[in-house]
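Subject: Structure handover

Hello,

Please find the structure below, followed by notes on what was found in it.

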Amino acid sequence: AGEDFVSGTGQATFAPGQVERYVPVQVIDDRVTEGRETVLITLTGASGGVVVGSPSTTTLVIDANTR
C-alpha cells in the first residue's frame, strides 16, 4: 500500500441472495517497471445475522507495469 495501490477500508452491502460485490481499488500509476503484483482482500465484520462463507478472502492482481 502507498506504492502500488491506495490502502482503504469500506463497507459492502449485499442484497438478499447477492453473492458478489464490486470492490474498487485505486491503483497508483508510477514510472517504475515492475512485474505482476498481488493484493489480498478479506471480507470481515459481517453483521445482521449474515454468515460469511468460504472463501472470505480473494486476491487482486495488478498487471505488470512495462514502461
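Asp-4 touches Val-27, Ile-28, Asp-30, Glu-34, Glu-37 and Ile-62, leaving out residues up to four places away in sequence; contact here means heavy atoms within 4.5 Å. Asp-4 belongs to the segment before β1 and is buried, its relative accessible area being 13%. Buried stands for under 20% relative accessible area, exposed for over 50%, and partly exposed for what lies in between (1.4 Å probe, protein chains only).

Before the rest, the basis of these notes. This is a predicted model, in which local features need pLDDT of at least 70 and side-chain atom pairs count only at pLDDT 80 or more, while totals for chains, interfaces and linings use all residues. Residues are numbered from 1 along each chain as its sequence is written, and side-chain values use heavy atoms, with hydrogens and water left out.

Overall form

The protein has two strands and zero helices. Its radius of gyration is 15 Å, well over the 11 Å that the globule rule gives for 67 residues, so the protein is more spread out than a compact globule. That radius is taken over C-alpha atoms, and the rule is 2.2 Å times the number of residues to the power 0.38. Helices (H or I, at least four residues) and strands (E, at least two) are DSSP runs, numbered from the N terminus. Along the principal axes, the C-alpha atoms fill a box of roughly 45 × 20 × 15 Å. Of the 67 residues, 9% are buried. Among contacts with a separation of 6 or more, 48% are between residues 24 or more positions apart.

Segment before β1

Ile-28, one of the residues that Asp-4 touches, also lies in the segment before β1. Ile-28 is partly exposed, at 30% relative accessibility. Neighbours within four places aside, Ile-28 is in contact with Gly-2, Glu-3, Asp-4, Phe-5 and Val-6. Ile-28 and Gly-2 are 26 residues apart in sequence, and their C-alpha atoms are 7.9 Å apart. From Val-32 to Asn-65 the C-alpha distance is 7.2 Å, across 33 residues of sequence.

Thr-57 is in strand β2 and is partly exposed, with a relative accessible area of 33%. Leaving out residues up to four places away, Thr-57 touches Leu-40, Ile-41 and Thr-42.

Asp-63 forms it with Arg-36, and the closest N and O atoms are 3.6 Å apart. Asp-63 lies in the segment after β2 and Arg-36 in the segment before β1, so the pair ties together parts 27 residues apart in sequence. Both Asp-63 and Arg-36 are exposed.

Largest pocket

The largest pocket holds about 1,400 Å³ of space. Its lining has 38 residues, with Ala-12, Val-23, Ile-41, Thr-42 and Leu-43 nearest the centre. The elements giving two or more residues to that lining are β1 (37–42) and β2 (57–62). A pocket is an open set of points on a 1 Å grid over the protein atoms alone, where a 1.4 Å probe fits, with protein on both sides within 12 Å along at least five of seven lines; lining residues have an atom within 4 Å of a point. The volume is the space filled by probe spheres set on the points, which are joined across faces, edges and corners.

Regards

Terms used. A salt bridge is a side-chain nitrogen of Lys or Arg within 4 Å of a carboxyl oxygen of Asp or Glu.
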